[in-house]
Amino acid sequence: MKNFLFIVAILPLLWSCDPKDPKPVDPVTETVKVTINPTYGAQAFYMDSVYTTAEGYKVKFTELTCYFTLLKNGTNQLIEAALFNYRETGSLLTSRAGNHLNFSNLSGKIGVDSSLNHLDPSAFPNDSPLNISNAGPMHWGWNPGYIFMNIEGKVDTIIDATNNLDLSFSFHVGTDNYLQSFLFENVQWQDKGNKVWELPLKLDLAYFLTNQTSPINLKDEHLTHTAAGQEALTQKVIQNFKNALTLY
């Protein structure tokens, strides 16, 4: 009798272990990616390639790096900080698990928000772009805070048939005064398949230089390290960058 009761008790377990039953499949976590895709006007952009400015100068970009912080939609935070380094990681700004439906709008800061800018760079988690081992030259050791943006290159300001790019330009922008806020509304995430959703942004470097209200003439405006006396060019550089960044 005891054996009979035991068999009756385990029958449901045996049925539940039927090898024909499909095994549960782990759901694929959705991935959200934000990319920044540089162009030079209507032309494709390549680092170290030579382009022509509105003045007729020949120009090439050798460094294109920028911090973005507090990317979010209301109370939904996408990421605390991201470092865009076009030479090292191409167009990728950030990629993480998340639900793209939570980010129909996307706001953030170009640069490092003041709530983060003056913290100990060695105290951030090892995988944070703000950790000193990842920030590298994007943190000013002599001045508390991060370099928000580093754009460098070479230019030939003599208009002739020869490409003699012998003049360097260097734009290093930082400090709380030059932090820029942005907001993209009603963004359209692109379905890349396999539960990957991408928000592509466009960065027009021709517009960065030739913004009609504040053009940068590289012959005379080729250096700012956010030092005293460089305020006008520093402001122009960071605002032109912001205005050149749009939804793709």
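This is a predicted model: local features need pLDDT of at least 70, side-chain atom pairs count only at pLDDT 80 or more; totals for chains, interfaces and linings use all residues.
Helices (H or I, at least four residues) and strands (E, at least two) are DSSP runs, numbered from the N terminus. Strand 5 gives the largest share, 5 residues.

The largest pocket holds about 260 Å³ of space. Among its 20 lining residues, Thr65, Leu83, Asn85, Asn134 and Ala135 are the closest to the centre. Here a pocket is an open set of points on a 1 Å grid over the protein atoms alone, where a 1.4 Å probe fits, with protein on both sides within 12 Å along at least five of seven lines; lining residues have an atom within 4 Å of a point. Points are joined across faces, edges and corners, and the volume is the space filled by probe spheres set on them.

Leu70, in strand 4, has a phi near 55 degrees and counts as buried (under 20% relative accessible area), because its relative accessibility is 19%. Thr175, in the loop between strand 9 (167–174) and strand 10 (180–184), has a phi near 75 degrees. With a relative accessible area of 25%, Thr175 is partly exposed, a class lying between buried and exposed (over 50%; 1.4 Å probe, protein chains only).

Residues are numbered from 1 along each chain as its sequence is written, and side-chain values use heavy atoms, without hydrogens and water. Local features need pLDDT of at least 70 and side-chain atom pairs count only at pLDDT 80 or more, while totals for chains, interfaces and linings use all residues.
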